Amino acid sequence: MPDRMEGETHDRPGGLIVRDLLRIPHFRDAVLLGGETGLGAAVTRVNVMEVPDVADWVRPGEFLMTTGYPFRQQPEAFETLVAQLAAKGVSALGIKPKRFIDKVPEGAIRAANEHGLPLIELPPSTAFSDVVREVMERVLVQESRQLSTLQSRVQRLSRTLLQGDGLAAFLELVESMLGNPAVLLDGDDRCLASPGAAEAVAGIGPAGWAKLREDSAMETCFMPVGGRNVRVYCAAALDGPRQPVLLLLFELRREYDIVDMLTMNWAAELVGFEISNRAARQRIEAKYIGQFLQDWIAGRIVSPSDLRLRAEACGCPIADGDEYRVGLVRFAGGRPPAHALQEAARQLGFGRAPGREPGAAVRWTVLDGELVALFSRPRTAPAAVAAVPGSRSVAAAAGERTAASAADSRAATAAAGERTAASAADSRAAAAAVGERTVASAADSRAAAAAGADAVTAVAGARTAASAAASASRGAGSFGHAEDDAGVWEIVSSLRQTLKFGRFRFCLGRWVGSRGDVPESYREARRAAEVAELCRMRDDVVAYGRLGTYLLLYRLAGSPEAEEFTEETLRPLLSHDSRHYSPGALIETLKAYFECNGNVKETAERLFVHYNTVAYRLERIRGELGIPLDDAETRLRLQLAIKLHEIREK
């Protein structure tokens, strides 16, 4: 809380004003001739004029005295002089007549009233030296009081920040001392307001702040607040990368004075120091947190106790009962510079993960030249089964968060090797699943290859049953929760706004229920990135748990059996395409036809060709292959072969 003084009031430590001059004994017989509206002007110094060009030498706040000697031949020149002095900011003009001029000209009095410059007729007995001494004594006394007030304010403001009370308490103290609300405006036009300013600035939009920034060079500007024009004092606190940080004082309750402005200038300096120190602390903390996250995600911290100790040491404690997931950003045009990724990680920082889950969070770091995110969220009952460290099984983050885990790939491989009778029955379901890219993955490539080319179909069929069971247990969505899809896309949207390095793909591992299995989720995210690149996937978001057939093909690619399967299935089409001027036309048409779920019109639109062209090519494909395209098993074999062909060609 702000450091308050008991019984504190908001009375200004006001300085000497023109009205106070008339109370000085030497001014007892003085007469105010005009310019009464300027009696509240501050007096900061005294000057004596005995030269005609005095307007070039005066300073704002001066009380100027003269005998009229420079204008004894032209008394009417006083009228022009009054206008010049008012424009220069002179507080008042005192004239001692009778010696060189008989009386003050009427034109000078009219000009004084017009410009609000107090015009005082001094008695003939006035000694200028006595007036200078007495006025300056009062000025110095007032300045001493002001300096004492300013010093006290600066000390209290400094103490608030040194005690770690924060900028919110700092602004509250500024409002308490100056009697007007204060606002801190950062480089992105985000406001931190003192209690009295929160409601007043709520209605100021981007256009209002932009206008204020334009006028802030003048220090004092005006803004419409609550239906009236309010004077605002602006003090620059810090030069930001885009726009400076401003400390603003809104004159909503009382008129601010010179001491208030000096206080604001010092307060802005203190705010600048606080922001700079905070940024330096954050950079250091981010460095240690980043190194900790890198070691954790990469699996360089083996002991659970070491993991907990390091987390607590760098101010990044790990909550018990959380589950984790790793994602990484893979750029299409090559890796950006390391310093650019570090800055991106700093901007993304640490915050609440998108979605509706309380306690969900995401931390960003740079690992092996890539931008990496570590997600965490609390587990909910029934508790998910944690993965055994070092194994491939992970806790299934399902819609009901059930303990069902993915089917073991070796069981699928064994089923494929034995060519069970169930595989034939499952092939139609597998074909539909391939069309939707939801066939579950994880078949051991060597065992599947040994089973022969036909085993590819059998493996896919056997895995369909496991995929259906896993999908049922994940009723809320393949990301684990229904809101995960929206949450991930919200992160992708944020990345697009933050990252300026071109197109990228966000790749995700699966959720794991143990801190020690975080490296496994990271390896899955990297595998997802590799599979997406090799299989030419167009998706902007690729999750390991959704790779389906792509993961199976990735593991089979390059094996002799896969090569033989591809060659036997696609040989007629490849031979035809090689003999004609449009290489790959039939293969590309067949691929687009499958992706459009057999819709000829959509296929033609995707390929930018005429409907009849697609119909002709499909008829040619049927003729070359000698088989119908509406058979589920045939379509499955062709789609698998086309994908293997694409991987091989890449």
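**Entry 1: the whole protein.** I started with the big picture: 47% of the 650 residues count as buried. I'm keeping in mind that this is a predicted model. I looked up the secondary structure next and got 22 helices and 16 strands. Then I checked contacts between residues at least 6 apart in sequence, and 67% of them join residues at least 24 apart.

**Entry 2: which residues of α20 are buried?** I picked helix α20, residues 600-607, and found Val600, Thr603 and Ala604 on the buried list. They span an arc of only 100° around the axis, so they sit on the same side of α20.

**Entry 3: α20 with α21.** To describe two packed helices, I need the angle between their axes and the distance between the axes. Here the axes of α20 and α21 come within 8 Å and cross at roughly 110°. Angles from 65 to 115 degrees count as roughly perpendicular, so that is the word for α20 against α21. I then listed who takes part: Val600, Lys601, Thr603, Ala604 and Leu607 from α20 meet Tyr611, Val614, Ala615, Arg617 and Leu618 from α21. Sorted by type, the residues of this contact are seven nonpolar, one polar and two charged.

**Entry 4: the ends of α20.** At the start of α20, I found a side-chain oxygen of Asn599 within 3.0 Å of the backbone nitrogen of Lys601. Just after α20 comes Phe608, and its phi is positive, about 60°.

Entry 5: Where is Asn597? It's in the loop between α19 and α20. Asn597 counts as exposed, with 60% relative accessibility.

Lys98 went into the notebook too: it is not a glycine either, and its phi is positive at about 85°. I traced Lys98 to the loop between β4 (92-95) and α3 (106-115). Is Lys98 buried or exposed? Its relative accessible area is 57%, and the cut-off for exposed is over 50%, so Lys98 goes down as exposed.

Technical notes
Residues numbered from 1 in each chain as written. Predicted model: local features only at pLDDT ≥ 70, side-chain atom pairs only at ≥ 80, totals over all residues. Heavy atoms only, no water. Buried < 20%, exposed > 50% of the residue type's maximum accessible area, 1.4 Å probe, protein only. Helix = DSSP H or I, 4+ residues; strand = E, 2+ residues; numbered from the N terminus. Arc of directions from axis to C-beta. Polar contact = N/O pair within 3.5 Å; in protein donor to acceptor, adjacent residues only side chain to side chain. Axes fitted to C-alpha atoms, helices over the stretch in contact; angles between N-to-C directions. Parallel < 35°, antiparallel > 145°, perpendicular 65-115°, else oblique. Contact = heavy atoms within 4.5 Å. Nonpolar A, V, L, I, M, F, W, Y, C, P; charged D, E, K, R; others polar.
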